[in-house]
Amino acid sequence: MDAMTDPHGFPEVSSVWLRAFLEVARQGSFTGAARTLGWTQSAVSRQISTLEGALGGAPLFDRLPRGVRLTEAGRVLVPYAEAVAESLHGAVRELAVLREVAGGRLRFGAFASADAGLVPQALAVFRARHPGVRVTREEGFTPALLDRLGAGHLDLAVVSTTGRAPLQAYELHHLLDESLYVAVPAAHPLAGHGSPVPLGRFADADWISGSSRPEGTLLDAALRQGFRPRVAHVVGEWTAKQGYVAAGLGVALVPALAAASVRPDVRLVGVLDEGGPARAVYAATARGRSAAPAVREFLGVLREAAVKMSGAMA
């Protein structure tokens, strides 16, 4: 194996050598190339000799009394050297675009109620600022989003502490803390209650939930308050849940992020934050993985949107 070749067969050729080679080929002399490059003539000659040695020893130029002329080996090398130079210039241009967030991609996911207000607000601002970034989004439950993030299919996921997902395995960027509301029919005795009430006031109510078991759902809050809610109807989709509430078939927990989308024949009753906020919302990124500039920019926009929403929810 040649001393200037790695185990995979790639010649160890410096881009500096190729730059000197191309300039000598253009100028037809070491002196002209040295003048253009701002080097000494001996430095140019040294780069060419080193390149010739790395490529097997065949001369790339015939040394003439006045200037130089490409040999057959030199003429063969020219288009390859030009292709390498253009590839490097292209890489530099693309990296500059990434740094300026004028291109690249952003793949993110979010849970449903974050998609009701927080994410659309942030995404609208991000698109206005960085229209050249290719954006794709997914919706899902926090555990599934974290799996996608860990597998490298997402760059960022907007997640919550609902579901007891293993958040500690990820880099977490706190966005906001959510309080809870109970959605009740318009005729409910607490429908006009102006102040938050303990969640225990609804201990005897029928509940509408996305799961028959409260564990791992928003209804974990009821377990923390000392009662096990009676789930009368399992309904997954939020719009359908509201229909059941409006018909007087039960009550449902509503996170603050979804409060703005409640239909007019449903009322919201605030829940006292006994023991702290009901859940926290984070932007999660993969630990140990460098975030692309577009991801960092989107994280900043999410924080801006979260500050505005937190003020509106206060």
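Contact means heavy atoms within 4.5 Å. By this criterion, V16, W17, L18, A20, F21 and V24 in α1 meet V44, Q47, I48, T50, L51 and A54 in α3. The model is predicted: local features need pLDDT of at least 70, side-chain atom pairs count only at pLDDT 80 or more, and totals for chains, interfaces and linings use all residues. Residues are numbered from 1 along each chain as its sequence is written, and side-chain values use heavy atoms, with hydrogens and water left out.

Helices (H or I, at least four residues) and strands (E, at least two) are DSSP runs, numbered from the N terminus. Two packed helices are described by the angle between their axes and the distance between the axes. Axes are lines fitted to C-alpha atoms, for helices over the stretch in contact, and angles run from 0 to 180 degrees between N-to-C directions.

The axes of α1 and α3 come within 9 Å and cross at roughly 110 degrees. That makes α1 roughly perpendicular to α3 (65 to 115 degrees; angles under 35 count as roughly parallel, over 145 as roughly antiparallel and the rest as oblique). The contact of α1 with α3 holds 10 nonpolar, 2 polar and no charged residues. Here Ala, Val, Leu, Ile, Met, Phe, Trp, Tyr, Cys and Pro count as nonpolar, Asp, Glu, Lys and Arg as charged, and the others, Gly among them, as polar.

Helix α1 (residues 15–27) also packs against helix α2 (residues 30–37), at an angle of about 120 degrees and with the axes 8 Å apart. The two helices are therefore oblique to each other. In α1, R19, A20, E23, V24 and Q27 meet F30, G32, A33, T36 and L37 of α2. This contact divides into 5 nonpolar, 3 polar and 2 charged residues.

Helix α2 packs on helix α3 (residues 41–54) as well: their axes come within 8 Å and cross at roughly 110 degrees. They are therefore roughly perpendicular to each other. F30, T31, A33, A34 and L37 in α2 meet Q41, V44, S45 and I48 in α3. The contact has 6 nonpolar, 3 polar and no charged residues.

The largest pocket has a volume of about 900 Å³. A pocket is an open set of points on a 1 Å grid over the protein atoms alone, where a 1.4 Å probe fits, with protein on both sides within 12 Å along at least five of seven lines; lining residues have an atom within 4 Å of a point. Volume is the space filled by probe spheres set on the points, which are joined across faces, edges and corners. Of the 33 lining residues, A112, F141, L218, G236 and K241 are the closest to the centre of the pocket. β10 gives the most to the lining, with 4 residues.
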